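Visitor: I am new to this structure. Please take me through the aromatic residues in close detail.

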Amino acid sequence: MNLTRLLSLRAVAGAALLLGLAVGGPGAGTTGGVVGAAALQQPASPPGGRPVEGREGRGGPGYPWPWWNDADVRKEIGLSAEKAKKINDIYQRRADDLKKIVDEWMKQSDDLQKMTKAALVDEGTYALQVLHVESLRSRLNESRTVLLYRMYRELQPDQYKKLQDIFARRSASFGRGR
């Protein structure tokens, strides 16, 4: 695989990690509403909710899944309409706050890809561009982790456990090629 293709795939995967809606994960633990580290390792979503080529259908890996608006999930975990709205507001506030950073990250990532393809700049300039892209990525990842924590704090420990069970079932289902 050539370097340009690899960087393109990396950019799509990075965007998916940064803008993921599908939260939680199998084996994630909680104590009094505190999110376990494994909860942050989830299939993620691409920018704007567009599917990643070659991924499963709606709600699968590579697609956003606003679990707090899913009637079946809300019923199974006992999530009230008020709590679902509060979680949605938390999500929307983050999305609005980060739009400029996401746009800048995508622009800088494109610039890095062009630099790589052209191979004309010196290593120092290239390294600075990598640092800039990774700094933006870090800010977005940090924001996502805090987002998940804010969302999960809205749940009772038993609701969180039930949600993790749902994520585990979905993950297993998509793993079988559903």
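**The aromatic pairs**

Guide: Start with Trp68, which is buried, with a relative accessible area of 1%. This is a predicted model. Trp67 is buried too, and its relative accessible area is 0%. Both values fall under 20%, so both residues count as buried.

Now look at the two rings together. Trp67 and Trp68 form an aromatic pair. Their centres are 5.4 Å apart, and the angle between the planes is 85°. An angle over 60 degrees counts as edge-to-face, and this pair is edge-to-face.

How many aromatic pairs does the structure hold? It holds four. One of them joins Trp65 and Phe167. Here the ring centres lie 5.8 Å apart and the planes meet at 80°, so this pair is edge-to-face. The pair links distant parts of the chain. Trp65 sits in the loop between strand E2 (34-35) and helix H2 (71-77). Phe167 belongs to helix H5 (residues 157-175). Are they buried or exposed? Trp65 is buried, and Phe167 is buried as well.

Stay with Trp65 for one more neighbour. Arg170 lies over the face of the Trp65 ring. The distance from the ring centre is 3.6 Å. So Trp65 has two partners to find on screen: Phe167, paired edge-to-face, and Arg170, over its face.

Definitions and conventions. Residues numbered from 1 in each chain as written. Predicted model: local features only at pLDDT ≥ 70, side-chain atom pairs only at ≥ 80, totals over all residues. Heavy atoms only, no water. Phe/Tyr/Trp six-rings, centres within 6.5 Å; stacked < 30°, edge-to-face > 60°. Helix = DSSP H or I, 4+ residues; strand = E, 2+ residues; numbered from the N terminus. Buried < 20%, exposed > 50% of the residue type's maximum accessible area, 1.4 Å probe, protein only. Lys NZ or Arg CZ within 6 Å of the ring centre and 35° of its normal.
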